[in-house]
Amino acid sequence: MAIPNEKLQQLLQEISSKAAFAEQQLNIVRAQIASKKREERKLQLSNKELSDLPSLTPVYDGVGKMYVGMDERNIVLSKKEI
């Protein structure tokens, strides 16, 4: 009851294509994880810098091509929502 060579070749090709697709998906997920980690690090640094400022320091947040004066707590909250 041996499996014919043609069937084995077809099965091998199918498994190879699935493995290649899985590898591509894995690389995409790894890139997304790295991007999220970079974004998280930027947010942590921003929060640290904001927390180190004196309470009466004027703070501005970028909105499109301009900056808007905001309360420090509002900026921290808006960055946490991202």
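Which element of the protein chain has the lowest mean pLDDT, and which the highest? I looked this up and found helix H2 (residues 72–81) lowest at 63 and helix H1 (residues 5–52) highest at 93. I noted that pLDDT is the predictor's confidence in each residue, from 0 to 100.

I am working with a predicted model, in which local features need pLDDT of at least 70, side-chain atom pairs count only at pLDDT 80 or more, and totals for chains, interfaces and linings use all residues. Residues are numbered from 1 along each chain as its sequence is written, and side-chain values use heavy atoms, with hydrogens and water left out.

Next I looked up the fold. The protein chain has 2 helices and 2 strands, in the order α-β-β-α along the sequence. Helices (H or I, at least four residues) and strands (E, at least two) are DSSP runs, numbered from the N terminus.

Then I turned to burial. Of the 82 residues of the protein chain, 9% count as buried (under 20% relative accessible area; exposed is over 50%, partly exposed in between, with a 1.4 Å probe and protein chains only).

Last, I looked up Val-68, which lies in strand S2 (residues 66–70). Val-68 counts as partly exposed because its relative accessibility is 33%.
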